[in-house]
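Student: I have a model open and want to learn to read it. Where do we start?

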Amino acid sequence: DIATSPTAVEVIGRFANGDFLLIREFRYPVNRFCYSFPTGMIDKHERVEDAARRELFEETGARIVSIDRLLPPGVFAAGLCDEIIIPVYATVEGDLRGSEDPVEEIIPCRMSPEDIRTLLEEDTLSITLSCLLVLTTLCYLK
């Protein structure tokens, strides 16, 4: 079956001081660690907001303080899959820790806008495209 409703969430998390919450995860197709936002599947009968809270905590140990904005759903990679993702902008807090899932090698990263600008100038191939677009917009455009 082809997906017709959201299947995943992507949490664009920021701490109260403006730092971003990213994850760094090894991606075999590109043979490198890549930065992205915490992303995960929505369980059957789960609300988008609940999936965002669960996935963020599972991958980073952080908690959502407030959901600031839900964007409309979009197709993640129309040429590769039928995944429909909802970007969730959220204010987050908490101490970070990696995923406890032995299959996932996820390293949570708290990065300031200055850290992000440096990363964008040095290594854009190690940032997923959706993350790259959001970070470029939020760190360079006013």
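Student: What should helix α3 (residues 129-140) span, at 1.5 Å a residue?

Tutor: First, the ground rules. This is a predicted model, where local features need pLDDT of at least 70, side-chain atom pairs count only at pLDDT 80 or more, and totals for chains, interfaces and linings use all residues. Residues are numbered from 1 along each chain as its sequence is written, and side-chain values use heavy atoms, with hydrogens and water left out. The expected span is 1.5 Å times one less than the number of residues. The 12 residues of α3 should therefore span 16 Å, and the end C-alpha atoms are 16 Å apart, which agrees.

Student: Which residues of α3 are buried?

Tutor: Residues three or four places apart in an α-helix point the same way, because there are 3.6 residues a turn. Buried means under 20% relative accessible area, with a 1.4 Å probe and protein chains only. In α3, C131, L132, V134, L135 and C139 qualify as buried. Their cover includes α2 (113-122) and the strands β1 (8-14), β2 (20-27), β3 (32-36) and β7 (84-93).

Student: How do the elements run from the N terminus on?

Tutor: Helices (H or I, at least four residues) and strands (E, at least two) are DSSP runs, numbered from the N terminus. The chain has three helices and eight strands. The order is β-β-β-β-α-β-β-β-β-α-α.

Student: What radius of gyration would a compact globule with 142 residues have?

Tutor: The rule, for C-alpha atoms, is 2.2 Å times the number of residues to the power 0.38. That puts the globule near 14 Å; the chain has 14 Å, so the two agree. Buried residues make up 41% of the 142.

Methods. Buried < 20%, exposed > 50% of the residue type's maximum accessible area, 1.4 Å probe, protein only. Contact = heavy atoms within 4.5 Å.
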